[in-house]
Amino acid sequence: MIKLKNTVEKLNTLIQEGKLMEAFEKYYGEEVVIQVNGNPAISGKEANRKREMIFLQEIEKLNSAEIKSVTFGGINDNVSVTEWAINIKNKEGEEKTIHRVNVQHWKNDKIINEKLYFCGDQKF
């Protein structure tokens, strides 16, 4: 569990520093499955990289990425849950705080499954 906590801390630090793609490349497995708000899951790192790039194209600046809570557990002690408040500015200069929860299943220091839950209207 200590190793997982250290890995998640490193991942979250990269996110807070605005190094989202570096975090994605380093900590997501090739066969990762990501599901957003109960929508159909996207399988594979390449397909999820494209999804992430579409999101990042909308952002002009990451103002802050505040961690509200982090929890660890799971049957095999391989699950992390991080609650975020992320303040961003879009290309039109509008600012918005996105509230989300990431539930991540890990194997061999890589995320193999992730569910993202956005709270409220999180569209830009």
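## Sheet, helices and ring contacts

Helix H2 (residues 20–27) lies across strand E1 (28–36), E5 and E6. H2 runs at about 120° to E1. Helix H3 (residues 45–57) also packs on the sheet. H3 touches E1, E2, E3, E5 and E6, and its direction makes about 55° with that of E1. The model is predicted.

The sheet itself is open and has six strands. Their order is E2-E1-E6-E5-E4-E3, with mixed pairing. Strand E2 (42–43) and strand E3 (59–73) are the edge strands, each pairing on one side only. Strand E5 (residues 95–107) and strand E6 (residues 110–118) run antiparallel. Eight bridges join E5 to E6. Arg100 has Phe118 in E6 as its bridge partner.

Searching the whole structure gives two aromatic pairs. One of them is Tyr27 with Trp106: the ring centres are 6.4 Å apart and the planes stand at 70°, over the 60 degrees required, so this pair is edge-to-face. Tyr27 belongs to helix H2 and Trp106 to strand E5, so the pair ties together parts 79 residues apart in sequence.

Are these two residues buried or exposed? Tyr27 is buried, and Trp106 is buried. The cut-off for buried is under 20% relative accessible area.

| Residue | Relative accessible area | Class |
|---|---|---|
| Tyr27 | 6% | buried |
| Trp106 | 6% | buried |

A charge contact involves another ring. The charged end of Lys45 sits over the ring of Phe24, 5.7 Å from the ring centre.

Definitions and conventions. Residues numbered from 1 in each chain as written. Predicted model: local features only at pLDDT ≥ 70, side-chain atom pairs only at ≥ 80, totals over all residues. Heavy atoms only, no water. Pairing = 2+ DSSP bridges. Helix = DSSP H or I, 4+ residues; strand = E, 2+ residues; numbered from the N terminus. Contact = heavy atoms within 4.5 Å. Axes fitted to C-alpha atoms, helices over the stretch in contact; angles between N-to-C directions. Phe/Tyr/Trp six-rings, centres within 6.5 Å; stacked < 30°, edge-to-face > 60°. Buried < 20%, exposed > 50% of the residue type's maximum accessible area, 1.4 Å probe, protein only. Lys NZ or Arg CZ within 6 Å of the ring centre and 35° of its normal.
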